[in-house]
Amino acid sequence: MPRKQRPSLGDKRRALARTRAELEEELKELLREEQYISRQVARAREQVRYYEQLLGDLKTAWGRRPPLAEYVRRMR
């Protein structure tokens with residue numbers, strides 16, 4: 001039965017270097033994706049705050065009686 005030839009130390013180092021380079025590229029891509037998603041989440045939070053403020057303003061406006069000038073404006 002023939003023995004399997006073991007990879008040399010140089011071959012192992014090259015393989016490890018290739019693997020490391022591939023993993024570093026993948027890490028860079030994942031970090032870019034994380035930044036993109038973080039920006040999207042920040043924008044979504046801003047929109048939620050805006051619409052919550054708008055809703056609060058509407059509730060306040062609907063919950064009180066309009067000033068007399070508003071009644072006059074509507075009657076014209």
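Buried means under 20% relative accessible area, exposed means over 50%, and partly exposed lies in between (1.4 Å probe, protein chains only). The model is predicted: local features need pLDDT of at least 70, side-chain atom pairs count only at pLDDT 80 or more, and totals for chains, interfaces and linings use all residues. Residues are numbered from 1 along each chain as its sequence is written, and side-chain values use heavy atoms, with hydrogens and water left out.

**Exercise 1.** Find the salt bridge partner of Glu29 and classify both residues.

*Solution.* 
- A salt bridge needs a side-chain nitrogen of Lys or Arg within 4 Å of a carboxyl oxygen of Asp or Glu.
- Glu29 meets Arg32 at 2.7 Å, N to O.
- Both sit in helix 1, 3 residues apart, about one turn of the helix. Helices are DSSP runs (H or I, at least four residues), numbered from the N terminus.
- Glu29 has 42% relative accessibility, so Glu29 is partly exposed.
- Arg32 has 44%, so Arg32 is partly exposed too.

**Exercise 2.** Describe the salt bridge between Arg20 and Glu24.

*Solution.* 
- The N to O distance is 3.1 Å.
- The two residues are 4 apart in helix 1, about one turn.
- Arg20, at 56%, is exposed. Glu24, at 40%, is partly exposed.
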